[in-house]
Amino acid sequence: MAGTMPSEGPARAGEEWGGPLIITEDEGLLDDLLRLCAAAGALPEVAHGLPARKGGWEAAPLVIVGADCAGRLRGAGRRPGVILTARGTDDPETWRQAVALGAERVLGLPDGERWLVDRIADAVEGDGPPALTVGVIGGRGGAGASTLAAALAVTAARTGRRTMLVDGDPLGGGLDVLLGGEKEKGLRWPAFAESRGRVACGALEESLPRLHSLRVLSWDRGTEVAIPPPAMRAVVSAARRRGGVVVVDLPRRADEATAEALSQVDVGLLLVPTELRAVAAAQRVADGVRPLLGDLRLVARGTPDRHGHGLPPAEIARLMDLPLAGELPWELGLFADLARGLPPGSQARGPLARFCGEFWSRATGGRDGAAVPGADRKGAPGGVEPAARPDGADGGRP
C-alpha cells in the first residue's frame with residue numbers, strides 16, 4: 001500500500017523538503033539507504049510508492065527508488081534526480097524500469113555506496129559555487145600571518161559574507177585565542193581528526209564556535225598537534241562547499257596536511273616583512289608552496305623601525321618573482337587592541353582593516369555582501385583579479 005513515513009516526525013504542509021525521498025519496501029535495502037543518508041548528513045523521507053504528501057515527488061531534492069517499487073511509479077511525472085537502486089544491475093528488467101522512470105542512473109549496492117553518499121550530500125547541500133578560499137602564510141616566524149588571516153575573516157564577515165576561518169597551523173596557539181573566544185562552546189580540530197571521505201558542510205558549520213559573525217575551526221590546548229591529511233582534505237572540502245569565503249591560516253612548512261589544504265586554496269598570500277633577512281626566509285617558504293599553489297601573491301608588511309630603511313615592496317616582489325598583492329603598513333596600537341579583546345581588523349580605519357577591505361572588494365568585484373564566486377580549478381578563481389606582476393605585466397592588484 002502506498003504511503004509515506006517521514007524518518008523523523010510528520011512533514012508539514014508547505015515545509016521545504018530537506019532530504020532525499022526513498023521509495024522501497026525492501027527492509028534490507030532501506031536499512032542500507034538510511035545508513036548512507038546518515039553518512040551524508042541527510043534526513044530522508046520514506047515511502048512505498050508515490051508519496052501521499054502533495055508535491056512530494058517533485059519537491060524532494062533527490063529520489064532513490066528501490067527496484068522492488070519501480071513498477072508502481074509509472075504514472076509519476078518525469079523529473080531530474082532519480083536514482084534506481086538494486087542489489088545487482090544485470091537484470092534487463094531493472095534497466096527497462098530505469099528508462100520508464102527517466103532515472104539518471106542505475107546503481108548497484110554495495111559497490112556504489114560511496115558515490116551515492118556524495119550524490120545525496122550534493123543534493124541536500126545544493127550545488128552553488130564553492131567558497132573563495134584564501135590561504136595566508138608567514139614568510140618568517142612572527143610575520144603576522146595569523147593576525148592577517150583573522151583580519152581577513154573578520155572583515156569579510158562584517159560585510160555580510162558567509163565566512164569560515166580555518167586554523168591550519170597546529171603550533172600557532174589557536175585562532176580562537178586570537179579572537180578572544182577560547183571559552184566559546186564548539187568543536188575544535190581534534191574532534192575532526194578521524195574524518196574521512198565527505199563531511200557534511202552544514203553540520204560542520206553548525207558545530208564550530210561562532211565568533212564575530214564568523215565560524216572558526218581552531219586548535220585547542222591539548223597535546224594533539226597533527227592534522228591527518230585525509231581529515232584536512234575532508235574538512236576544507238566541506239568548508240568550501242558551504243560557499244562564501246574561507247580563510248586558512250597555514251604553517252610555513254608544507255607537510256602532507258598543508259599540501260592538502262593548499263590544493264584547495266584559490267589565492268595564497270605570503271606575508272613578508274620589508275627587511276632583507278625576512279625576504280631570504282620567505283624565498284624558501286615560497287619555493288616550498290609554489291608547486292602546490294597556482295596563485296601565490298606577496299603582501300609586504302612594514303616594520304616598526306622601517307622609517308625608509310626597509311626594502312621597497314616592489315623590490316621585494318621583483319626579488320621573489322611574485323605578484324604584489326599590496327603593502328600592509330605597521331599598525332600602531334594593534335597589540336594594545338588585541339590585549340583589550342578587540343579582534344584583528346576591527347578598527348575600520350586602521351591599516352589592517354583597510355587592506356582587508358580593499359582585498360575583498362577587488363576579489364569580489366566590489367560587490368560587498370554578495371555571494372562570493374568560487375574557483376575554476378583549471379584557472380583563476382572566479383571574480384578574483386590577477387595581482388600586479390613585478391615586471392609590470394598586465395593585471396590588477398587585489
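Figure 1. Strands count as paired if DSSP finds at least two bridges between them. Helices (H or I, at least four residues) and strands (E, at least two) are DSSP runs, numbered from the N terminus. Glycine 135 stands opposite glycine 268 in E12. E7 also pairs with E11, again in the parallel sense, over six bridges. Here leucine 132 faces valine 245 in E11.

Residues are numbered from 1 along each chain as its sequence is written. The model is predicted, so local features need pLDDT of at least 70 and side-chain atom pairs count only at pLDDT 80 or more, while totals for chains, interfaces and linings use all residues; side-chain values use heavy atoms, leaving out hydrogens and water.

**Figure 2. Strand E7 is covered along its run.** E7 spans residues 132–138, and seven of its seven residues are buried. Buried means under 20% relative accessible area, exposed over 50%, and partly exposed in between (1.4 Å probe, protein chains only). In a regular strand the side chains alternate between the two faces of the sheet. Leu132, Val134, Val136 and Gly138 point one way from E7. Thr133, Gly135 and Ile137 point the other way.

**Figure 3. Eight strands form an open sheet of mixed pairing**. The order is E9-E10-E8-E11-E7-E12-E13-E14. Strands E9 (210–211) and E14 (324–328) are the edges, each pairing on one side only. E8 (residues 163–167) and E10 (residues 214–217) run parallel, joined by three bridges. Methionine 164 stands opposite arginine 215 in E10.

**Figure 4. Valine 245 lies in strand E11**. Its relative accessible area is 1%, so valine 245 counts as buried. The C-alpha atoms of valine 245 and alanine 153 are 8.1 Å apart. Along the chain, 92 residues separate the two.

**Figure 5. Glutamine 264 sits in a loop between helix H9 (256–262) and strand E12 (267–273)**. Glutamine 264 is buried, at 10% relative accessible area. Its side chain reaches the backbone oxygen of arginine 233 at 3.3 Å.

**Figure 6. The largest pocket holds about 470 Å³ of space**. Of its 22 lining residues, Asp122, Glu125, Arg198, Ser237 and Arg241 are the closest to the centre. On a 1 Å grid over the protein atoms alone, a cavity is a set of points where a 1.4 Å probe fits but cannot get out; a pocket is an open set with protein on both sides within 12 Å along at least five of seven lines, and lining residues have an atom within 4 Å of a point. Grid points are joined across faces, edges and corners, and a volume is the space filled by probe spheres set on the points. Helices H4 (113–125) and H8 (229–241) each supply at least two lining residues. H4 gives the most, with six. The lining has six nonpolar, five polar and 11 charged residues. Ala, Val, Leu, Ile, Met, Phe, Trp, Tyr, Cys and Pro count as nonpolar, Asp, Glu, Lys and Arg as charged, and the others, Gly among them, as polar.

**Figure 7. The second largest pocket holds about 380 Å³ of space**. Its lining comprises 21 residues; Ser146, Asp169, Gly172, Asp249 and Arg252 lie nearest the centre. Helix H5 (145–158), helix H6 (175–178) and strand E11 (245–250) each give two or more. H6 provides the largest share, three residues.

How values were computed. A polar contact is a pair of N or O atoms within 3.5 Å; within protein, one must be able to donate a hydrogen and the other to accept it, and residues adjacent in sequence count only if both atoms are side-chain atoms.
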